[in-house]
Amino acid sequence: MRTISSKVVKKCITRPPPLLLSNTSLTSMASFNVPNQNPSSLIDDFTKFCCQRDLPRAMQALELMHTHRIWADCITYSELIKCCLARRAIEQGKRVHVHLFSNGHEPKAFLMNMLINMYVKFGLLKDARDLFDKMPERNVISWTTMISAYASAKLNDKALEFLVLMLREGVRPNMFTYSSVLRACDGLFNLRQLHCCIIKIGLDSDVFVRSALIDVYSRWGELENALRVFDEMMTGDLVVWNSIISGFAQNSEGDEALGLFKRMKRAGFLAKQPTLTSVLRACTGLALLELGRQVHVHVLKYDQDLILNNALLDMYCKCGSLEDANAVFVRMVEKDVISWSTMIAGLAQNGYSKEALKLFESMKVSGIRPSYITIVGVLFACSHAGLVEEGLYYFHSMKELFGIDPGREHYGCMIDLLGRAGRLREAVDLINEMECEPDAVTWRALLNACRVHQGVDVAIHAAKQILRLDPQDAGTYVLLSNIYANARRWNDAAEVRRAMDNRGIRKEPGCSWIEVNKQIHAFILGDKSHPQVSGINIRLNQLIHKLMGVGYVPDTNFVLQDLEGEQMQESLRYHSEKLALVFGLMSLPKGQTIRIRKNLRICGDCHLFAKLIAKMEQRIIIIRDPVRYHHFQDGFCSCGDFW
């Protein structure tokens, strides 16, 4: 057995020629004159082909070397393994493995680690583990590669187990080990233990470890601890800033995320793609259109970045500015399934269901295959436009046409669609046909339909199912109480309210937000804390009096039925969206669109009020509730009074 070092190839071609791997046997040696091939020349050829990333000829040379029991140096093999990874050449990679361990030859730990990494990248965890177990000596790279692989595969117990075994074997984890194993934390207890270990060995100041700690604390909703990790040490690294801003944005803490972004800018950091994506998410959650437009200016530096363009699309759609969203969408050179799905859902949520379905047809023509989320957007469009037959067609053909099995979200849209159309029995039958267990959202869709169509018996059944899954859902108690009251079942309505009191459940107060002069103004039902509340109430009463003169009558069906007569009308008068709307009329220039975000579904009375005000004041009013967006103009709403 001979091991001969290859000569250094000074000029390797760094850009490989186009390659289409064929099924030709790797043992085909047509390009080599075997009898005249001396070992040194063979290794030179092998080295050259590996450096050129010429996989077919490199594998032919490797077969000859294997036959003659010749091995090259580690660097050359590492180039070949990289080439196998780049070409997704699994069989060739395995062949390299066989060659390296043939005839008693044992490669160095460096190459073994590369082979383990190759198997991990190919998703062959069992092969990686088998090779790992055969290693005579495992170093920190070996252990970290396996821990990272288990963490990425969501095999959290295995990742944590390997960290313990690593420590028992006396191998000291490094920053990459802890960055990987932190992703495998499946509870706060493990996370805190790891955090203590990290502090003990002094790795808490490492950028990657701190970033991973912030990410994991944020994932578990422990934002206070995430911020504490961030503030413990002043950092000069953008990675940590990105982690903390992203953590707050993903946890719907948009105000804090934006505050941190301002801190980052003041500290002299330039906003790059990951930061801007998180900031756009924060603007989306808060429906801050003007601030989102300011962020868009920063995005122009990365004009054709697909991730950022998709985030912009989502922000504009969810802020109710379809004109801006469409401008971004049309300008995009590259569009993926997320781009199309975001635009389809945005059109549907803003009340443009037919346009959403037309865009879906354009998507199919473009050759982009719809995803699970795309079909949710399509069914949502059908649901909120009353397109029953179209919805049934898409639902029943999604498996056959697109290979997508219906999930909870698809069933939820269909139950909502059938319920809105008054086909309650079909909606119940569809719930009974679901392969997955219906969740509270599914039952709420049915309960809301019962409110509209007075299906008391079905409503009772749906409410019981919701409260079984979510016993603290105040909205279900309120809705059920109102359904009983509308059916004049006063005793049952009183019993529901007693149950709420006994369990300490309180209805979440309605809250609405409006942006004026780059400041957010919040209003709560009956709010008296706003500095201009007196003027707002005077203006509101004037408007209501004026509207009543043209036939407006407050709809008391949307009041919890424990009030009577004028009390019920009085409670409707000071709903948060009315207060925000009047403040917008008082504060924004005539002709400027009034944009309001609200935490609860808009009630029918406020919906009617907004329609009449839009016509009387000649304003465009956009109100975003948790379900959809209402564009009021000239006395009409984009939802067609179907929401």
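Me: In which hand does α14 pass α15?

Reply: This is a predicted model, and in it the crossing of α14 over α15 is left-handed. Helix α14 covers residues 254-266 and helix α15 residues 273-286; their axes lie 8 Å apart, at an angle of about 145°.

Me: Which residues make the contact between them?

Reply: From α14 come Gly254, Asp255, Ala257, Leu258, Phe261 and Met264, and α15 answers with Thr275, Val279, Ala282, Cys283 and Leu286. By class, that contact has 8 nonpolar residues, 2 polar ones and 1 charged one.

Me: How many bridges join β3 and β4, and in which sense do they pair?

Reply: Strand β3, residues 511-516, is joined to β4 by 6 bridges in the antiparallel sense. To find your way along the pair, look for Trp513, whose bridge partner in β4 is Ala522, and then for Val516, which sits opposite Gln519 of β4. Between the strands of this hairpin are 2 residues, and one to look at is Asn517, with a positive phi near 50°.

Me: And at the level of domains, where are the boundaries?

Reply: The protein is divided into domain 1 (1-105), domain 2 (344-406), domain 3 (409-507) and domain 4 (521-637). Take domain 2 and domain 3 as the example: their C-alpha centres are separated by 26 Å, and 19 residues of domain 2 touch 12 residues of domain 3.

Me: How much area is buried between domain 2 and domain 3?

Reply: About 1200 Å², with 73% of it given by carbon and sulfur atoms. On the domain 2 side, Ser383, Val388 and Phe395 supply 41% of the area buried against domain 3, more than any other three residues.

Methods
Residues are numbered from 1 along each chain as its sequence is written. This is a predicted model: local features need pLDDT of at least 70, side-chain atom pairs count only at pLDDT 80 or more; totals for chains, interfaces and linings use all residues. Side-chain values use heavy atoms; hydrogens and water are left out. Axes are lines fitted to C-alpha atoms, for helices over the stretch in contact, and angles run from 0 to 180 degrees between N-to-C directions. Helices (H or I, at least four residues) and strands (E, at least two) are DSSP runs, numbered from the N terminus. A crossing is left-handed if the near helix is turned anticlockwise from the far one by less than a right angle, and right-handed if clockwise. Contact means heavy atoms within 4.5 Å. Ala, Val, Leu, Ile, Met, Phe, Trp, Tyr, Cys and Pro count as nonpolar, Asp, Glu, Lys and Arg as charged, and the others, Gly among them, as polar. Two strands pair if DSSP finds at least two bridges between them. Domain bounds come from an automatic or database domain assignment. Buried area is the accessible area (1.4 Å probe) that two parts lose on being put together, summed over both.
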